[in-house]
Amino acid sequence: MQRPIKLREPIPASGKGKRASNVYREAAEIMCHKGYEATSMNDIAEAAGLTKAGIYHYIRGKEDLLFEIMMYAMDNVDNGIIAPAREIPDAEQRLRTIIERHTMNLIEGVGAVTVVLEEMASLTPAHRKTITARKRTYFEFIRETLNHLKSEGKLRDLDSNVAAFGLLGMMVWISRWYRRDGRVPPEQVMREYVEMGMNAVLK
């Protein structure tokens with residue numbers, strides 16, 4: 001019997017505090033809808049309940065904010081997906097946990113993840129290199145899990161690189177269509193994504 005899936009609170013960005021995390025979430029939602037270039041500091045300050053001067057207590061500028069939003073999103077991946085999944089020795093259960101937690105992460109922080117996907121070109125080269133490296137670490141973790149399953153004879157006849165990209169593509173697409181006020185409950189989205197992902201790669 002599959003254990004019930006529970007929603008959890010989003011993980012605050014490391015060392016930033018709840019107020020800064022709220023700024024990142026609000027800014028990400030605005031950038032998700034308006035785009036990075038069209039989003040002003042006034043938009044962000046108003047959404048976060050701060051003055052324009054007050055927001056500079058948390059960030060140095062818009063590009064710095066974009067980078068911090070992406071770091072916030074990757075902190076959620078590291079702390080909310082990779083760390084707990086790494087503790088699971090069974091590769092099949094580890095993969096299930098990755099899909100379940102990634103889906104939860106997306107549903108709870110759609111804006112931040114969308115910004116990570118869409119606005120990489122707006123980062124400075126140094127910031128882009130940092131985010132790309134963190135994304136690559138996550139991809140390698142998924143691929144290693146799939147290779148573990150392959151060694152156990154549980155993986156379909158799939159290339160582990162293709163399978164890892166396929167799973168990630170399936171999951172990140174949630175940020176394109178999911179709406180918190182939509183007709184499909186989050187628990188149903190998570191449950192069905194877990195089943196689709198597992199059935200797609202396992203024999």
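The model is predicted, so local features need pLDDT of at least 70 and side-chain atom pairs count only at pLDDT 80 or more, while totals for chains, interfaces and linings use all residues. Residues are numbered from 1 along each chain as its sequence is written, and side-chain values use heavy atoms, with hydrogens and water left out. The structure holds eleven salt bridges, each being a side-chain nitrogen of Lys or Arg within 4 Å of a carboxyl oxygen of Asp or Glu. Helices are DSSP runs (H or I, at least four residues) numbered from the N terminus, and strands are E runs of at least two.

**Salt bridges**

- D78 and R134 join their side chains in a salt bridge, at 2.6 Å from N to O. D78 sits in helix α4 (residues 62-86) and R134 in helix α7 (residues 125-151), so this pair ties together parts that are 56 residues apart in sequence.
- D78 is partly exposed at 26% relative accessibility, whereas R134 is buried at 17%. Here, buried means under 20% relative accessible area, exposed means over 50%, and partly exposed lies in between (1.4 Å probe, protein chains only).
- A network of salt bridges links D75, D78 and R134.
- E118 and R176 form another salt bridge, and their closest N and O atoms are 2.8 Å apart. This pair links distant parts of the chain, with E118 in helix α6 (residues 110-118) and R176 in helix α9 (residues 174-177), 58 residues apart.
- E118 is partly exposed, at 41% relative accessible area, and R176 is also partly exposed, at 44% relative accessibility.
- Within helix α7, E140 and R143 lie three residues apart, about one turn of the helix. Their salt bridge has its closest N and O atoms 2.5 Å apart.

**Buried spots**

- Helix α6 is largely enclosed by the rest of the structure, because seven of its nine residues are buried. The buried residues are V110, G111, A112, V113, T114, V115 and V116.
- E68 belongs to helix α4 and counts as buried, at 13% relative accessibility.
- E68 and H127 are 59 residues apart in sequence, and their C-alpha atoms are 9.6 Å apart in space.

**Helix packing**

- Helix α8 (residues 160-172) packs against helix α10 (residues 186-201) at an angle of about 165°, and their axes are 11 Å apart. Axes are lines fitted to C-alpha atoms, for helices over the stretch in contact, and angles run from 0 to 180 degrees between N-to-C directions.
- That angle makes α8 roughly antiparallel to α10. Angles over 145 degrees count as roughly antiparallel, under 35 as roughly parallel, 65 to 115 as roughly perpendicular and the rest as oblique.
- In contact (heavy atoms within 4.5 Å) are A163, L167, M170 and M171 of α8 with Y193, M196, G197 and V201 of α10. By class, these residues are seven nonpolar, one polar and no charged. Ala, Val, Leu, Ile, Met, Phe, Trp, Tyr, Cys and Pro count as nonpolar, Asp, Glu, Lys and Arg as charged, and the others, Gly among them, as polar.
- Helix α5 (residues 91-108) packs with α8 at about 30°, with axes 10 Å apart, which makes α5 roughly parallel to α8.
- L95, I99, H102 and L106 of α5 make this contact with L167, L168, M171 and V172 of α8.
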